[in-house]
Amino acid sequence: MSEDKSESHKVKDFEVEKVFEDRVHERYAFTFKVKGNEFKGHFYDDEIHWLHPHPKQMIDESKVTAIESTIHDLMAQHGIASPIKDFELTHIFEESIHERHQFTLQVQGEQFKGFDHEGEIQWFHPQPKQKLEEEQVEAIESEIHEKIAEHEKENNENDKK
């Protein structure tokens with residue numbers, strides 16, 4: 001009987017806990033199993049730092065990339081990492097009454113696009129509400145507002161120079 005390739009890198013028994021709490025080096029420790037082998041690591045600054053043994057020592061490197069993607073998704077589900085990847089922000093209709101921000105981002109491998117106009121987010125099709133849980137969409141929209149505010153602050157500081 002041949003092994004199902006999709007199962008060969010399936011993460012099981014994922015656990016995460018905060019370590020070095022209330023310190024400069026606060027981070028999260030995680031453990032999980034793949035094909036019965038247990039792996040451990042720390043997660044901080046949105047990056048995975050593997051402890052020994054590194055999965056590359058026991059699993060094909062292409063499968064390790066898929067495992068790392070799964071770990072990032074699980075961290076986002078636990079509210080530890082941002083689910084937003086590849087965020088791009090552009091101004092459109094500049095210096096007109098229709099001026100607004102257009103953004104593109106990826107969440108869980110899906111690309112979403114939309115506008116922010118006067119603090120209200122308007123999504124293009126497909127809309128994240130069709131694919132994600134309501135609380136995930138709310139968290140993503142909140143993070144988009146933060147990114148736009150940072151962008152505006154930077155632009156205002158550059159305009160003063």
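Of the 161 residues of the protein, 31% count as buried. The model is predicted.

**Fold and overall form**

The protein has two helices and eight strands. Along the sequence they follow the pattern β-β-β-β-α-β-β-β-β-α. A compact globule of 161 residues would have a radius of gyration near 15 Å, whereas this protein has 20 Å. Take contacts between residues at least 6 apart in sequence: 29% of them join residues at least 24 apart.

Some values for the protein as a whole:

| Property | Value |
|---|---|
| Box filled by the C-alpha atoms, along the principal axes | roughly 65 × 45 × 25 Å |
| Radius of gyration | 20 Å |
| Accessible surface | about 11,000 Å² |
| Distance between the centres of positive and negative side chains | 6 Å |

Carbon and sulfur atoms account for 43% of the accessible surface. As for charge, there are 20 positive side chains and 38 negative ones.

**The cores**

The largest nonpolar core holds 16 residues. Within this core, F14, F30, F32, I67 and I71 touch the most other members. Strands β2 (27-34), β3 (37-44) and β4 (47-50) each supply at least two of its residues, and so does helix α1 (61-77). The top contributor is α1, with five residues.

Setting aside neighbours within four places in sequence, F30 contacts F14, E15, V16, F39, K40, G41, H42, F43, I48, W50, I71 and M75.

Key
Residues numbered from 1 in each chain as written. Predicted model: local features only at pLDDT ≥ 70, side-chain atom pairs only at ≥ 80, totals over all residues. Heavy atoms only, no water. Core = buried A, V, L, I, M, F, W, Y, C linked by side-chain atoms within 4.5 Å. Buried < 20%, exposed > 50% of the residue type's maximum accessible area, 1.4 Å probe, protein only. Helix = DSSP H or I, 4+ residues; strand = E, 2+ residues; numbered from the N terminus. Contact = heavy atoms within 4.5 Å. Rg over C-alpha atoms; globule rule 2.2 N^0.38 Å. Areas by Shrake-Rupley, 256 points an atom, 1.4 Å probe, with all protein chains shown as cover. Lys, Arg positive; Asp, Glu negative; His and termini not counted. Charge placed at Lys NZ, Arg CZ, Asp CG, Glu CD.
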